[in-house]
Amino acid sequence: MQDNAPQPGVDEQRLQDFAEKVMSDIGGTFATLLSFIGDRTGVFRALRDHGPCSAAELAVHAAVDERYLREWLSAQAAAGYVEYDDETGQFSLTPEQAIVLAQEGHPACMQGFFQMLVAQYATHDTAIETFRSGNGRPWSDHHACCFRGTDRSFRPIYTACLVDAWLPALDGIVDRLKSGAHVADVGCGYGTSTLLMAQAFPNSTFHGFDFHPPSIDKARQHADDAGLGDRVNFSVAAAKGIDEKDFDLICIFDALHDMGDPVGAARHLRSCLKPDGTLMVVEPLAGDTLEENLNLLGQIFYSASTLVCTPASRAQEVGLALGAQAGEKRLTEVLSEAGFTHVRRAAETDINMVLEARA
């Protein structure tokens, strides 16, 4: 039986406002899934390239079923993700919508984030059991969309910031890279950050490490495609398993908080540096307290951390579980405990902080 009895202490207006917010979030979730479908089927790109058109015309251009497409377009128009002209019956994308939904590589393109989110829904049973049990969940246990989506999400940020802003913010590193440095990229994933540095600094050599073999396979393929195989090497290894020494620069991009033993990893990496070498740690931007992170960015990173980052750490030795919103103070404590005596925030963006650590 449905219980419609008034609840004591309930503010009816606040109840209505919150219910409307949740409904909006539900609508956004559907829009996310449909946008992912539009990306994978090429509908967004077809609509961008063709311009205003009917559902029937777009179905031919995108090679998809017209009836499903008409329903899809109606939903996306209601969500504000595509435009609809009620006089002509045509659908279209504004230039801004086209960037966010169809311009691969643009910092504002959200398709990588959509793909990451869809990956979590695809394996929700495992996420529920992990949450209930407290067990770890290895990075390798996730759906393939998680790996691809992660690379798509971070690549535009690294492309925009790494060479032109982050590396110049480190003391003396650009000069070393220009003259010829030895660089490690730890937790390199598909190798995007490694290859960006290699392309910018042809006199230096680069070694990417990741403990996920399929990602290293992708990184090697990308290096071959870019013609950088002679200066870039990719190996399967966790941070504490790296044997190579005498690096001028070691980078960790959005990966330290995922490590089970970030202190031990940073300590080992310090031993792999030259005495005057630098460790660059890029982490999600966060304040040092929960109160500072109660915003949209905090919600997104805490959510990703609940599903991916914290379980990944718990699946490894120690399982410190820093979380994706550890904050500069906690990260500095980790690096200091690892033996780095100089740690500073060298740069930041709207979603990242860049820490420079020296022995």
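This is a predicted model: local features need pLDDT of at least 70, side-chain atom pairs count only at pLDDT 80 or more; totals for chains, interfaces and linings use all residues.
Aspartate 11 has a relative accessibility of 40%, so this residue counts as partly exposed. The cut-offs explain the label: buried means under 20% and exposed means over 50%, with partly exposed in between.

Aspartate 11 lies in the segment before helix H1, which covers 12-40.

Next, move to strand S9, made of residues 352-358. Is this strand mostly covered or mostly open? Strand S9 is mostly covered, with seven of its seven residues buried. Look at which way the residues point. Asn352, Val354, Glu356 and Arg358 point one way from S9. Met353, Leu355 and Ala357 point the other way. Residues of both groups are buried.

What pairs with S9? Start with strand S7, residues 273-284. S7 and S9 pair in the antiparallel sense, over seven bridges. Find one of these contacts yourself: glutamate 283 has methionine 353 in S9 as its bridge partner. Methionine 353 is also one of the buried residues of S9.

Then turn to strand S8, residues 342-348. S8 and S9 run antiparallel too, joined by six bridges. Here, arginine 345 stands opposite leucine 355 in S9. How many residues lie between S8 and S9 in their hairpin? There are three residues between the two strands.

Strand S9 has seven of its seven residues buried, and pairs with S7 over seven bridges.

How values were computed. Residues are numbered from 1 along each chain as its sequence is written. Side-chain values use heavy atoms; hydrogens and water are left out. Helices (H or I, at least four residues) and strands (E, at least two) are DSSP runs, numbered from the N terminus. Buried means under 20% relative accessible area, exposed over 50%, partly exposed in between (1.4 Å probe, protein chains only). Two strands pair if DSSP finds at least two bridges between them.
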